[in-house]
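Here is a short briefing to read alongside the coordinates. Have a look at the model first, and then let's walk through it by topic.

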Amino acid sequence: MNVSHHPEPALLLDYATGTLADPFALIVATHMALCPACRREVAALEAVGGALLEQAPEAGEADVDQGAFERMMSRVEALPPEPAIAPLPAIDTATARIPRPLRDRLPASLDNLPWRRQGPVETVFLPCDLPGHRVRVLRIAAGRGVPRHTHRGTELTLVLQGSFSDETGHYLRGDMECANPELDHRPVADPGEACVCLAVTSAPLRLTGTLGRLIDPFLDI
Amino acid sequence: MFDGGGNSDLGGPCLDAVQGFMAAGDSPGREAPVASHEDDLLAVARQRDREAFRRLFTHFTPRLRSFLRRLRTPEATLDDLVQEVMTSVWRRANSFDPAKASASTWIFTIARNRRIDLARRKRPEVDLDDPATLHEEADGEPLPDEQASHGQMALLLRDAIASLPADQSEIVGLAYQRDMSHSEIASELDLPLGTVKSRLRLAIVKLRTAMEGLD
Ligand SMILES: [Zn+2]
C-alpha cells in the first residue's frame, strides 16, 4: 500500500528549513512517518542546508580560538549524561498505529479521547497556538460522510486509519488531502472501518449542502 | 498561506548580503576533503576522540557563526548558540549516521533544531523506531556506495547552488539563510506567493537533479 497524495513541496521545504508553523509541521511530520518518499525528499532538502553551511564564508570571522575549545570541553565534560529517551508507554493496537509525532500529543488512547459526536462524525480538538487555526482528530463512522462543505482557508487532512473518498479522489492511510477555498466536497468514509483523520484548518469550514446551510452556525467542525 | 509564524519581526532587507553569501561559496581555498568530517564524527561517537572533535570545532565554528549570523541571531547570543550547537555535536555524535547524511547536513539540522528550541517551539519529528512508522523494503539499508557518495553529493550540490540563476539563488538564500517561510519571502520580495513557490520549486528540482546525478 503506497501513499499517493503528498503535501505540496512548499510544505516540505518549510519543514526542512524549520520555518513551518506548528500545526502544519505536526501534520507534515505525521505524514512523513507514513511516507518514506517524503522522508527522502526532506533529507535532500536538509542536504541543501548542509551544503550552504559548508559554504558559509569564514572571511571576517576571527581565527578559531583554541582557548575557547578548551574552555568548552571542560564545561561539556562536566555535564551530566543526556537523559535516556522515555520508553513508549504500553498502548492499545489502534492507538499504536498513530505515528508518534501525533500520538505524543493525544491526551488519551484513541478510544478514551473526549470525542464530541455530531451525527456520524466524532471530533477531538488538540491544542493549537497559531491564531485562527484549528487542529482536530476526526473519526467518521464506516460508510458515512462528513456534511458537504467548502473552506474559508486551507484544510489539510491526513488519513490515519481506514480510508475516505470525495470528489477529488480516494484517500488511504498516510494520504494527505489539501483543500483550498475553491473545493466544495463531501468526504465519505469507505465501508468496513471507521476513518480516523488528523485535520488542520486555517479558517472555519463553510457548510454548503441544503441541510448544512441550516445548521452551519451551530456546527463546529 | 502557510505562515511560518514567529518570524514577523523581520529587519530590513539585506538581499545583497544574501546574494553575497551565495556567491561566497565560489571563492577559492575553502574546503578540506568532505569525507573526513564524517570520520571525525564517528571517532567522536565511538572513542570520544578529542582531537577529531577539535578538527570539527575548528572547521565548523566559523561556518556556524556566519551561517547563524545571517539567520538574524543577535550578535550577543551568537557565541552561546554556536557553543550549544557544538556541545550537541559532541554529546549526540552517536546519533550521527553517515549512511543518512553528511556531517555538515547533520550539523545543519542540529543548528536548526536548537534555534527552534530557543523559540520555544516544539518540532514534531519522525521516530524511525516507532512501530507505527512505515518503511519501504530498502529503507534504512544504505546502498553500498551511499556512505561514500555523501561527500561527492556535497560537491555536486555546491556546484549546482553556484550555478542557479540569480532570482532562484536569491530565493533559496532567503529560505535557508534568512529563515523565511514561503509567505514571508513573498512579502519581503513583494511577489505573489505562487511565484515564490514555483521559483523555489524550480531551484529545488535543479538541486535535486544535481544530487541524483551520481553514477
Ligand atoms: Zn509523502
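This is a predicted model: local features need pLDDT of at least 70, side-chain atom pairs count only at pLDDT 80 or more; totals for chains, interfaces and linings use all residues.

**The interface of chain A and chain B**

- On the chain A side 68 residues take part in the contact, and on the chain B side 74 residues do.
- Between them, chain A and chain B bury about 6500 Å², and carbon and sulfur atoms account for 59% of that area.
- Polar contacts join 22 residue pairs between chain A and chain B, counting pairs with both residues at pLDDT 80 or more.
- Several helices of chain A supply at least two residues each to the side that touches chain B: helix 1 (9-17), helix 2 (22-34), helix 3 (36-55), helix 4 (66-77) and helix 6 (100-103).
- Helix 3 of chain A gives the most to this side, contributing 16 residues.
- Sorted by class, the side of chain A that touches chain B holds 40 nonpolar, eight polar and 20 charged residues.

**Salt bridges**

- Side chains of opposite charge can pair when their charged atoms come close.
- How many salt bridges are there over all chains? The count comes to 28.
- Across the interface of chain A and chain B, there are eleven salt bridges.
- One salt bridge joins A:Arg40 to B:Glu136, with the closest N and O atoms 2.2 Å apart.
- Within chain B, B:Asp40 and B:Arg55 form a salt bridge through their side chains, at 2.8 Å from N to O.
- That pair ties together distant parts of the chain, as B:Asp40 sits in helix 2 (residues 35-47) of chain B and B:Arg55 in helix 3 (residues 50-70) of chain B, 15 residues apart.

Technical notes. Residues are numbered from 1 along each chain as its sequence is written. Chains are lettered from A and ligands numbered from 1 in the order in which they are written. Side-chain values use heavy atoms; hydrogens and water are left out. Contact means heavy atoms within 4.5 Å. Buried area is the accessible area (1.4 Å probe) that two parts lose on being put together, summed over both. A salt bridge is a side-chain nitrogen of Lys or Arg within 4 Å of a carboxyl oxygen of Asp or Glu. A polar contact is a pair of N or O atoms within 3.5 Å; within protein, one must be able to donate a hydrogen and the other to accept it, and residues adjacent in sequence count only if both atoms are side-chain atoms. Helices (H or I, at least four residues) and strands (E, at least two) are DSSP runs, numbered from the N terminus. Ala, Val, Leu, Ile, Met, Phe, Trp, Tyr, Cys and Pro count as nonpolar, Asp, Glu, Lys and Arg as charged, and the others, Gly among them, as polar.
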